[in-house]
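Here is a brief report on charged side chains and their surroundings. Please look at the sequence and the structure first.

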Amino acid sequence: MAKGHRSQIKRARNENKDTRPKAHVRYARVSASKAKIVLDTIKGKGAGEALAILAYTPRTAARIIEKVLKSAVANAENNQGMDASKLFVQEAYANKGPKMKRIRPRAQGRAYRIEKQTSHISIVLNER
């Protein structure tokens, strides 16, 4: 930890903060591997083009990612005054979240364990 007064420490920490517009969704009910397939199609694309791609992608993860992308664009416009037509997807990634553990009954008093995947999806934009 840096030495100095509390305000000096906060100032030093805020200088290193990432100011790019971004949005996250936590505990999305889609596996990270399935979300990564969709995210790979929009990396490096313009925000408008990425939204068009997601609108016609027939995967469940595309609906969730579309909402996150719209949120990131809104964050860029409202919080940082950026132009939506100049934005592009710089980073897009999905990490594994916790599994929901469920039990399905089986014959003769047995039970099978079912694990439902969740993921944390993040999108970071930048201006050209």
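## A salt-bridge network

In this predicted model, salt bridges link Asp18, Arg20, Lys22 and Glu91 into a network. Within it, Glu91 pairs with Arg20, and their closest N and O atoms are 3.2 Å apart. Glu91 sits in strand E2 (residues 87-96), while Arg20 lies in the loop between helix H1 (6-15) and E1, so the pair ties together parts 71 residues apart in sequence.

Both partners are partly exposed. Glu91 has a relative accessible area of 29%. Arg20 has 22%.

## Other salt bridges

The count comes to 8 salt bridges. One of them joins Arg63 and Glu66, at 3.7 Å from N to O. Both residues belong to helix H4 (residues 60-80) and are 3 residues apart, about one turn of the helix. Arg63 is partly exposed at 36%. Glu66 counts as buried because its relative accessibility is 15%, under the 20% cut-off.

Lys43 and Asp40 form another salt bridge, 3.4 Å from N to O. Lys43 is partly exposed, at 41% relative accessible area. Asp40 counts as exposed, at 51%.

## A positive surface patch

Arg29, Arg102, Arg104, Arg106 and Lys116 form a positive surface patch. Arg106 is in the loop between strand E3 (100-105) and strand E4 (111-116). Its relative accessible area is 43%, which makes Arg106 partly exposed.

## A buried serine

Ser31 lies in the loop between strand E1 (22-28) and helix H2 (32-42). Is Ser31 buried or exposed? Ser31 is buried, with a relative accessible area of 14%. Leaving aside residues up to four places away in sequence, Ser31 touches Gln117 and Ser119.

Notes
Residues are numbered from 1 along each chain as its sequence is written. This is a predicted model: local features need pLDDT of at least 70, side-chain atom pairs count only at pLDDT 80 or more; totals for chains, interfaces and linings use all residues. Side-chain values use heavy atoms; hydrogens and water are left out. Patches are made of residues with over 30% relative accessible area and no salt bridge: like charges are joined within 9 Å, nonpolar side chains (Val, Leu, Ile, Met, Phe, Trp, Tyr) within 5 Å. Accessible areas come from the Shrake-Rupley method with a 1.4 Å probe; for residues, only the protein chains shown count as cover. A salt bridge is a side-chain nitrogen of Lys or Arg within 4 Å of a carboxyl oxygen of Asp or Glu. Lys and Arg count as positive and Asp and Glu as negative; His and the chain ends are not counted. The place of a charge is taken as NZ of Lys, CZ of Arg, CG of Asp or CD of Glu. Helices (H or I, at least four residues) and strands (E, at least two) are DSSP runs, numbered from the N terminus. Buried means under 20% relative accessible area, exposed over 50%, partly exposed in between (1.4 Å probe, protein chains only). Contact means heavy atoms within 4.5 Å.
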